[in-house]
Amino acid sequence: MKELTSFQKRVYTVVKQIPCGKTRSYAWVACKIGKPHAVRAVGTALKNNPFTIIVPCHRVVHSNGAIGDYALGADLKKKLLETESDRRNKIKIKRIR
DNA sequence: AAGTAAGAAATTT
DNA sequence: AAATTTCTTACTT
């Protein structure tokens, strides 16, 4: 089994705090964790991230607006972001009965 | 020592 | 102006 490295923990902690419907850049996360130049390390950490679903890593994009990459496919990531941004999609949980 | 889910800049179209 | 490509830098493992 694996324990997360300290850097990964820090990255996940920050990324987990990104509000829904918003996006942040890798640089933003890197800055938050105290290493504004560790942008690539952040990406690498997220890719090694076993919590790809638990951590909103799909809300992390390039600083210039590019979609970046995603373990499950950048295409899916883009879709997720659009859906979250819309925020009025069919998320309305239909109350059963 | 080797690799990277980035960034910025430069170039091309 | 927008898109694509290339190189650089710093970080982690």
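This is a predicted model: local features need pLDDT of at least 70, side-chain atom pairs count only at pLDDT 80 or more; totals for chains, interfaces and linings use all residues.
Colleague: Okay, the fold. Which elements does chain A have, and in what order do they run?

Modeller: Helices (H or I, at least four residues) and strands (E, at least two) are DSSP runs, numbered from the N terminus. Chain A has four helices and two strands, running α-β-α-α-β-α from the N terminus on. Among its contacts (heavy atoms within 4.5 Å) between residues at least 6 apart in sequence, 51% join residues at least 24 apart.

Colleague: How do I read burial, and what share of chain A counts as buried?

Modeller: Buried means under 20% relative accessible area, exposed over 50%, and partly exposed in between, using a 1.4 Å probe and protein chains only. Of the 97 residues of chain A, 31% count as buried. Gln8, in helix α1 (residues 6–15), is buried at a relative accessible area of 10%. Leaving out residues up to four places away in sequence, Gln8 touches Ala45, Asn48 and Asn49.

Colleague: And the nonpolar core: which residues have the most contacts inside it?

Modeller: In soluble globular proteins, nonpolar side chains tend to be buried together. A nonpolar core here is a set of buried Ala, Val, Leu, Ile, Met, Phe, Trp, Tyr and Cys residues joined through side-chain atoms within 4.5 Å. The largest one has 18 residues, and those with the most contacts inside it are Val11, Val15, Val29, Ile33, Val42, Leu46 and Val60. Two or more residues come from each of α1, α2 and α3, with α1 giving the most, five. Val42 touches Phe7, Val11, Tyr26, Val29, Ala30 and Ile33, not counting residues up to four places away in sequence.

Colleague: How many disulfides are there?

Modeller: A disulfide is a pair of cysteine sulfur atoms within 2.5 Å, and the count is zero. Cys57 has Cys20 as its nearest cysteine sulfur, 14 Å away. Cys57 is buried at 5% relative accessibility, whereas Cys31 is partly exposed at 49%.

Colleague: Now DNA strand B. Which residues come nearest, and which helices supply the surface?

Modeller: A residue is near a strand if one of its heavy atoms lies within 4 Å of it. Of the 13 residues around DNA strand B, Arg40, Lys47, His62, Ser63 and Asp69 come nearest. Helices α2 (26–32) and α3 (39–47) each supply at least two residues of that surface, and α3 has the largest share, six.

Colleague: Which polar contacts reach DNA strand B?

Modeller: A polar contact is a pair of N or O atoms within 3.5 Å; within protein, one must be able to donate a hydrogen and the other to accept it, and residues adjacent in sequence count only if both atoms are side-chain atoms. A polar side-chain atom of Lys47 is 2.7 Å from a phosphate oxygen of DNA strand B.

Colleague: What surrounds DNA strand C?

Modeller: Thr5, Phe7, Lys35, His37, Ala38, Arg40 and Ala41 do. A side-chain N or O atom of Arg40 is 2.3 Å from a base nitrogen of DNA strand C. Of the atoms of DNA strand C within 4 Å of the protein, 64% belong to sugar or phosphate and the rest to bases.

Terms used. Residues are numbered from 1 along each chain as its sequence is written. Chains are lettered from A and ligands numbered from 1 in the order in which they are written. Side-chain values use heavy atoms; hydrogens and water are left out.
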